[in-house]
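Please look at the sequence and the structure before reading on.

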Amino acid sequence: MKIFIYYPKCATCQKAKKWLDENNIKYEERNIVEENPKEEELKKWIKESNYEIKRFFNTSGLKYKELNLKEKLLKMTEEEKIKLLSTDGMLVKRPIVISEQNVFVGFKEKEWKEMLERK
C-alpha cells in the first residue's frame with residue numbers, strides 16, 4: 001500500500017490524486033497539514049529517494065518565501081533543514097508518494113509511471 005501525502009487545496013496534489021485513481025493505484029491518504037512529516041520519516045524518505053534535501057522544500061510556497069529560506073538554507077546543516085521541515089507541512093514539497101521501493105516528491109508523471117510499472 002502506498003502513502004499519498006498531500007495538501008487538499010493544492011492543484012498539483014489534486015491532479016496527482018486523479019492520476020493515481022485513474023491508474024487504479026491503491027493508496028492511503030495523509031493530509032500534510034494535519035499530519036506533518038516527523039524528523040525520522042523525513043530522514044528515511046530523503047535517504048530512500050536519492051533526492052537532494054532541497055527537493056523536499058516547497059520553494060514556491062508562501063512560508064518558504066516569508067522565512068527567506070532561499071538564503072538561510074545555504075547556511076544550515078542537513079539536520080537543521082530536516083528539523084525545520086518537520087515543524088510545518090506547508091514547508092514540505094508535495095505531493096509525496098511513499099511506496100515500498102521508492103519515494104516520489106512532486107508530481108512528475110514520468111516518474112510515477114515507472115512506479116506503476118513496478119506495482
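How many helices and strands does the secondary structure of the chain come to? The chain has six helices and four strands, where helices (H or I, at least four residues) and strands (E, at least two) are DSSP runs numbered from the N terminus. This is a predicted model, in which local features need pLDDT of at least 70 and side-chain atom pairs count only at pLDDT 80 or more, while totals for chains, interfaces and linings use all residues. Residues are numbered from 1 along each chain as its sequence is written, and side-chain values use heavy atoms, with hydrogens and water left out.

**Overall build**
- Along the sequence, the pattern reads β-α-β-α-α-α-α-β-β-α.
- The C-alpha trace spans about 40 × 25 × 25 Å along its principal axes.
- Buried residues (under 20% relative accessible area, with exposed being over 50% and partly exposed in between; 1.4 Å probe, protein chains only) make up 45% of the 119 residues.
- Of the contacts (heavy atoms within 4.5 Å) with a separation of 6 or more, 66% are accounted for by residues 24 or more positions apart.

**Nonpolar core**
- A nonpolar core is a set of buried Ala, Val, Leu, Ile, Met, Phe, Trp, Tyr and Cys residues joined through side-chain atoms within 4.5 Å.
- The largest such core has 34 residues, and those touching the most other members are Phe-4, Trp-45, Phe-56, Leu-85, Ile-96 and Trp-112.
- Elements giving two or more residues to this core include strand E1 (2-6), helix H2 (39-49) and helix H5 (78-85).
- Helix H1 gives the most, with four residues.
- Beyond its neighbours within four places in sequence, Leu-85 is in contact with residues including Leu-42, Phe-56 and Val-92.

**Helix H1**
- The buried residues of H1 are Cys-13, Ala-16, Trp-19 and Leu-20.
- These four lie on the same side of H1, because they cover an arc (of the directions from the helix axis to the C-beta atoms) of only 120° around the axis.
- The face turned away from that buried side carries the exposed residues Ala-11, Lys-15, Lys-18 and Glu-22.
- After H1 comes Asn-24, with a positive phi near 55°.

**Helix H5**
- Lys-81, Ile-82, Leu-84 and Leu-85 are the buried residues of H5.
- Their arc is only 160° around the axis, so they are on the same side of H5.
- The buried residues of H5 pack against H2 and helix H4 (69-72).
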